[in-house]
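Me: I have a structure open and want to talk it through. Can you take me over the fold first and the chain contacts after that?

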Amino acid sequence: MAARPLVLDDDRLLPVDPAVRAIAREVHARVRDLPLFCPHGHVDAALLARDEPFADPARLLVVPDHYVTRMLVSQGARLEELGVPGTGGGPVERDGRAVWRRFCAGWHLFRGTPSRLWLEQELHDVLGVRVHPSPETADELYDQLVERLAEPSCRPRALFDAFGIELLATTDAPADALADHAAIAASSWGGTVVPTFRPDAVVHLDRPGWRGDVEELGRAAGEDVGTYAGYLAALQRRREHFRRAGARATDHGHLSADTTPMERADAERAYAAALRGPLEPARAAAFAAHMLFESARMSREDGLVMQLHAGVLRDHDPLVRARSGPDRGFDVPVAVDFTRGLRPLLNAFGSDPAFRCVVFTTDETTFSRELAPLAGVYPALRLGAPWWFLDSPAAMRRFREAVTETAGFWNTAGFVDDTRAFASIPARHDVARRVDAGFLAGLVAGGQLALDEAVETAVALASTIPRAAYAPREG
Amino acid sequence: MAARPLVLDDDRLLPVDPAVRAIAREVHARVRDLPLFCPHGHVDAALLARDEPFADPARLLVVPDHYVTRMLVSQGARLEELGVPGTGGGPVERDGRAVWRRFCAGWHLFRGTPSRLWLEQELHDVLGVRVHPSPETADELYDQLVERLAEPSCRPRALFDAFGIELLATTDAPADALADHAAIAASSWGGTVVPTFRPDAVVHLDRPGWRGDVEELGRAAGEDVGTYAGYLAALQRRREHFRRAGARATDHGHLSADTTPMERADAERAYAAALRGPLEPARAAAFAAHMLFESARMSREDGLVMQLHAGVLRDHDPLVRARSGPDRGFDVPVAVDFTRGLRPLLNAFGSDPAFRCVVFTTDETTFSRELAPLAGVYPALRLGAPWWFLDSPAAMRRFREAVTETAGFWNTAGFVDDTRAFASIPARHDVARRVDAGFLAGLVAGGQLALDEAVETAVALASTIPRAAYAPREG
Amino acid sequence: MAARPLVLDDDRLLPVDPAVRAIAREVHARVRDLPLFCPHGHVDAALLARDEPFADPARLLVVPDHYVTRMLVSQGARLEELGVPGTGGGPVERDGRAVWRRFCAGWHLFRGTPSRLWLEQELHDVLGVRVHPSPETADELYDQLVERLAEPSCRPRALFDAFGIELLATTDAPADALADHAAIAASSWGGTVVPTFRPDAVVHLDRPGWRGDVEELGRAAGEDVGTYAGYLAALQRRREHFRRAGARATDHGHLSADTTPMERADAERAYAAALRGPLEPARAAAFAAHMLFESARMSREDGLVMQLHAGVLRDHDPLVRARSGPDRGFDVPVAVDFTRGLRPLLNAFGSDPAFRCVVFTTDETTFSRELAPLAGVYPALRLGAPWWFLDSPAAMRRFREAVTETAGFWNTAGFVDDTRAFASIPARHDVARRVDAGFLAGLVAGGQLALDEAVETAVALASTIPRAAYAPREG
């Protein structure tokens, strides 16, 4: 079989009707080259601090990307075979080429997925690939990519500049010294890389390792975390450290959207109990909800934007967690009740101009039923881009369809790439911009919007809206 | 910036594919000018009884429309700044022009929303406006509208006649004397304005003001509401009063869809307890569910169609409620379980030819999962038009897509405008008729329907189906 | 009124845009005549064992099809009037022609429903009808159909062969002797008809008739079902009997997706209690969940594929159940929690190559939120075709839209017709193939897929994917 040429359709993802496509092209043309504003993601700051070449094609494109590994696992591959090391140090495939071959053999599995879109554009635009992965092309591609990755233009900082990234936010543990961020700031390189304060490890009292994480927090903050008061003070100090390092936001990953505050004495007792030993899950959940309320209170004080990612059951398979660690593709969404969950937080802070909250969900049933009605009235609330399993063209279209009629465009927060896969960032923004251009073109074709309004709105979605959503608030 | 001309695209909301659009045009042409049958809405009967000119553009289009004010609030305006008076009599913007300017400055926020569609058509067709609102055009528009509102052709009854309204149902408290309805009936004007019996205030035992409302009910009915038996008798008498005033239906707004009846003795005890003092929420909720069952029983007796609007948490922000009153845009939907909730009611009355129930939801997940399967088999049940946040083109399309394959067209109940904004009624029906024409055209283009069937169905949806759904039942 | 000609649009259900339609045609042309693989359905094996002519048009197309009768009931017909006999032997319409007239008079009710598509194609392609049903054509059609049904080419086996059915799976009670399957196997006719093991009647301890069903199971298996151990042994023996008769799979209809195993002693006690008398619903539900886990364990042993149909509340109206029996169209879906429900089963067996589970739902909110994320990582899990109320063009499109971006195509299980209506099988597969062709064509037109990939995927969906999903597993 001849190698299938890898060509990017310049009209990809735009509406298929010729008249609507023509409008969409016009809209897209005005946003496609705008700088990339990346206020939420999971790129490691060390990558840009060290600026070393990427290891090999498999370690760039396969091993760290749980979108890719989970699909291969679903069809029978084992994580170890894909180069993902076990926590116990058992056998793992160390040959990048072997992992790459496996990936190429499973290329058809990605048909119709966003991974395919991201990978295609990354391969084509960033890495210069011109044939599709397949068993036949695997080796040739591997060699070509190894060569390409060795070029100076393929180093992280060079790519950052070439991508036109205006700001890149990482996501960091509360005790993180942010040394890599400091190193970047101190370097001669001009890229803006800012941290994000993510206290999950220390607010979920029943997380394995909580005790160690909270002690580390205390050390980093120079506070005695032996009391609840010291714990709060430590969090506040670390937030301040992050803020000074350029942080725009905090980030909170919770199973539920509950934000009910506890009485101070109850919170103190729960915290003290957790220091003494294991806590029953319901009490830990109540404390986590309480800490969302407290985080909102702190945000109102220090102006950090509060991001909430709710409704994903982490480590659905505990055996995978034990064998291979977290973030291995075994996180699965559940239904969420935002209307009741966010009520305490929004009643207290939702109309406060000093507060800003951006909410993300993988439960799209809440788009029209809960999130758009909430964001369409509470001034503090903005809707985050469709998240995780919904970060894909059809889901993005459903998001705009479900949300716009109630919340409009200005109550959304713009696109976030939310990725560990640094080199896929432009492709991800491009997908969002194409989908938005197509959606706006549909409104124009349907007589709901003038073309210049559509263009203006697309530009706002790609630039002013996310910048405003993540602008530091003033108390 | 030059003023953007306000033009209505004659093909707005029709499908974009030229061939499908041509079919849709043909279908729409057959229904666009049919009379408007309005069996559910919130226009104040006094408006048509008094037939006075509208006050000013802001008081017509902004102040009373919570769709409009909530959007402006979501972007930082305060209700008082928009002319909405506080309950405590604090400062409020009394200058219509100032409110109007604020609205015009926020016009872009409505892009992609149904408010924009309704307002555009109202401005264009009813008020003769030919430029878009904007900071630059605000004052000129205000002056022009003030002038227009003073014209005799712009008075409520003249508009009613010009709109081609065949019947307009209002929504009224159970103790309402219906004096305005009587005045209209006694007048020389020929418009049909009928009341709807909405007992919410007296069936939710924990509503603030319940005691006063139930006493007023007793007085209006001439019954002793000191006992549960007297309370039921009062409700029945008032229903009869409404029926004689032309009422077609009752209306019930509940948080859940629960319709479980209580034992008579339990209902009596709950009622007596509520008379004595505050009731725990669960008991009040059980009584409200019971009263849905009782209302169905009464409907079977007197033939009034029972409308159920379930699943909206009213007054999400209690502070707004305290400061500015109810219906200020702070009502937010929750998930609803219709399958289990409606079971007692449908088991008892769902196959009874003397009973008719029309159900509305803002939880669109129930369209295909629960409501279409229920309406597709129980003869007493009809599906109401997509409600509130779903009363919009994309949501209407999703409704038809989700519902038709299981329930067909004849188990839906036709469009209801459900509005306080009298002058927007034609625009709202027009949106529904365009969406239905487009949906039917899609079935024709997809080979599922012949063109004459599509036309016949569109006409039925706009005329015979709602008339049949709201026809008084015979016991 | 002149009879409306019944013509099948050769492009029906394909996308309407001319360019996309052209692609879809090309894709569909490659699959439209592929053999029909039917691994799940409800055709009675006796039909093919006896191979007798169908009784009359009403008994072929109306009486046994609860899709058809429920729609007529929803508009006022009574089941008895439609020829559905009551359980108590009361009056029932026995005149096929009278039932047929009623059906023809209600033909418009099916506009936009899949029943209309299935019936049209069946009437046209199988039965040679060339005019639409209507009050005017009812009698003429009835006569024509009576004649057609008497032809040898219209007998079940002849149709089976003409339809190109490669394998047809029935669904059978665990105690069924499978005599009809044996008779077919022993006959000279070459059709492949295999049973499916459906133990629902014996795992729901609170089902009416459970005691009798479990005793029958014991007799059929030659095991003493007086103990839980004997009960398990009986199930295993019967599975083996089914497996030897060619069964590929088991099937499980449950209200919830809970798969939590019980302690052995608890299961024994619950079973013993059920033998003694009525069980409380919660305990019966816990046992049913346990038996899903046990069934998975057995599947891993014997290689039978496990099908789960979760989330339908059977016999919503108990009066209909009492008067007319089960499966009368009064089954209504509820929301399902697959993420938590399937967790025990998937943790234990979801990564086991010897296990395969195909999950079906009528709660489409779980497509993107739960099922695609689960199937996109657990190798044992495949997503069944959109089920029951979702077995329709628009719902199928929503399924592909919601599922593909996360789970791809290869984690779905292909189409199942799931029908009692034997003669509708080709029409049902045709609908699915058209929808898939259209979906794939959309990906091609949107630049996400090459045409040859689309064709290859369509062929896989119609052939290799379902064959692999239902291939007997090796332990």
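This is a predicted model: local features need pLDDT of at least 70, side-chain atom pairs count only at pLDDT 80 or more; totals for chains, interfaces and linings use all residues.

Me: How does the radius of gyration of chain A sit against the globule rule?

Reply: Chain A comes out at 23 Å, close to the 23 Å the rule gives for 475 residues, so chain A is as compact as a globular protein of that length. Along the principal axes, its C-alpha atoms fill a box of roughly 70 × 60 × 45 Å.

Me: And what share of chain A is buried?

Reply: Buried residues are 59% of the 475. As for contacts in chain A with a separation of 6 or more, 77% of them join residues 24 or more positions apart.

Me: Switching to the contact of chain B with chain C. How many residues does each side put in?

Reply: Chain B supplies 41 residues and chain C supplies 40. On the chain B side, the elements giving two or more residues include α1 (18-29), α19 (393-407) and α21 (451-469).

Me: Which element of chain B gives the most there?

Reply: α18(B), with eight residues. By type, that side of chain B splits into 17 nonpolar, 15 polar and nine charged residues.

Me: Do they meet through the same or different surfaces?

Reply: Different ones, because only 5% of the interface residues of chain B are also interface residues in chain A.

How values were computed:
Residues are numbered from 1 along each chain as its sequence is written. Chains are lettered from A and ligands numbered from 1 in the order in which they are written. The radius of gyration is taken over C-alpha atoms; the globule rule is 2.2 Å times the number of residues to the power 0.38. A residue is buried if 20 or more other C-beta atoms lie within 10 Å of its own, exposed if 12 or fewer, and partly exposed in between; C-beta atoms are placed from the backbone. Two residues are in contact if their C-beta atoms, placed from the backbone, lie within 7 Å. Helices (H or I, at least four residues) and strands (E, at least two) are DSSP runs, numbered from the N terminus. Ala, Val, Leu, Ile, Met, Phe, Trp, Tyr, Cys and Pro count as nonpolar, Asp, Glu, Lys and Arg as charged, and the others, Gly among them, as polar.
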